[in-house]
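This report goes through one protein structure, from its overall make-up down to single residues. Please keep the sequence and the coordinates at hand while reading.

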Amino acid sequence: MALSDVQIRSLKPADKLYKITDEKGLYLEVSPNGSKLWRYKYLYMGKNKRIALRRYPEVGLAEARRRRREARENLDNRVDPLANRKREKLIAVYQAANTFGDMAKEYLEKMVGDRRAETTISKAHWLLEQLKPIADQPITLLKPVDVLAALKRLEAHGKFETARRCRSFASGVFRYAVATGRGEADPTAMLRGALVVPRTTHHAALLEPKDVGELLRAIDAYSGHKVTRGQSVRN
């Protein structure tokens, strides 16, 4: 006979653990300390198995039945619900251990191993700091819109060139993650054209040989401070 919320709330603990059945393999275990745990009992490959569906009242009757339906759907697809649960936990642990920040640090270590210039590595560390909003996110879950939000935050402060450089750095991190089997794609590839292009400021230049000669003569005739003239102070 199916359970009701009223029945569940009225269940009292006993000296020993006991269970009360709902239907279709779902039941509730009541411990001597008063805790109530949902479980689902099923048959897979000729073996009796059971899977915990969390505690009551954290998971109510309706939610417990929904989780039981999901487990039964797995069985219909010849998937062991318990094995699937373990797989999902492993995936969650794997994703939590492979954040964008983690991958970026490995990528920076590779840059050191590749003997990239110190200034380049220092600049890359600074770019990672600018991408702090996405540093703690699992790299496989980051979407183009997540990266774009972090870059638009920089643009909002007028840092247009920084945003473009951060996109390029992030792209390197995502491609490194894919190459090492811990990423699926480079979401920054979808952001080309989405960022503001910094305006280039052109400065005056001497193009005629005559003008260059006059500049050199003027420098040679300059009688200012020795440091400004490029001479040793000791002279």
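**Basis**

The model is predicted, so local features need pLDDT of at least 70 and side-chain atom pairs count only at pLDDT 80 or more, while totals for chains, interfaces and linings use all residues. Residues are numbered from 1 along each chain as its sequence is written, and side-chain values use heavy atoms, with hydrogens and water left out.

**The chain**

The protein chain contains 9 helices and 4 strands. Both kinds of element are DSSP runs numbered from the N terminus: helices are H or I with at least four residues, strands are E with at least two. Read from the N terminus, the order of elements is α-β-β-β-β-α-α-α-α-α-α-α-α.

Of the 235 residues, 31% count as buried. Buried stands for a relative accessible area under 20%, exposed for over 50%, and partly exposed for values in between, with a 1.4 Å probe and protein chains only. Contact is defined as heavy atoms within 4.5 Å. Among contacts in the protein chain with a separation of 6 or more, 49% come from residues 24 or more positions apart.

**Two helix pairs**

Two packed helices are described by the angle between their axes and the distance between the axes. The axes here are lines fitted to C-alpha atoms, for helices over the stretch in contact, and the angles run from 0 to 180 degrees between N-to-C directions.

Helix α7 (residues 144–155) and helix α8 (residues 160–179) have axes that come within 8 Å and cross at roughly 155°. The pair is therefore roughly antiparallel; angles over 145 degrees count as such, those under 35 as roughly parallel, 65 to 115 as roughly perpendicular and the rest as oblique. On the α7 side the contact is made by Val147, Leu151, Leu154 and Glu155, and on the α8 side by Phe160, Thr162, Ala163, Cys166, Arg167 and Phe174. By class, the residues of this contact are 7 nonpolar, 1 polar and 2 charged. In this classification Ala, Val, Leu, Ile, Met, Phe, Trp, Tyr, Cys and Pro are nonpolar, Asp, Glu, Lys and Arg are charged, and the others, Gly among them, are polar.

Helix α4 (residues 100–113) packs with helix α5 (residues 118–130) at an angle of about 175°, the axes being 10 Å apart. Helices α4 and α5 are therefore also roughly antiparallel to each other. From α4, the residues in contact are Phe100, Ala104, Lys105, Leu108, Met111 and Val112; from α5 they are Thr120, Ile121, Ala124, His125 and Leu128. They divide into 8 nonpolar, 2 polar and 1 charged.

**Selected residues**

The table lists the accessibility of several residues.

| Residue | Relative accessible area | Class |
|---|---|---|
| Asn98 | 8% | buried |
| Ser171 | 6% | buried |
| Glu63 | 25% | partly exposed |
| Pro144 | 29% | partly exposed |
| Arg54 | 45% | partly exposed |
| Arg78 | 75% | exposed |

Asn98 sits in the loop between α3 (81–96) and α4. Apart from neighbours within four places in sequence, Asn98 is in contact with Met103, Pro138, Ile139 and Arg182.

Ser171 belongs to helix α8, and its contacts, with neighbours within four places again left aside, are Asp186 and Thr188. Pro144 is part of helix α7 and touches Pro187, Met190 and Leu191, not counting residues up to four places away in sequence.

Glu63 lies in helix α2 (residues 61–76). Its side chain is joined to that of Arg66 by a polar contact of 2.7 Å. A polar contact is a pair of N or O atoms within 3.5 Å; within protein, one must be able to donate a hydrogen and the other to accept it, and residues adjacent in sequence count only if both atoms are side-chain atoms. Glu63 and Leu53 are 10 residues apart in sequence and 9.3 Å apart C-alpha to C-alpha.

**Backbone geometry**

Most residues other than glycine have a negative phi, and most peptide bonds are trans. Arg54, in strand β4, has a positive phi near 80°. Arg78, in the loop between α2 and α3, has a positive phi near 60°. The peptide bond joining Tyr56 and Pro57 is cis, with omega about 10°; Pro57 is located in the loop between β4 (47–56) and α2.
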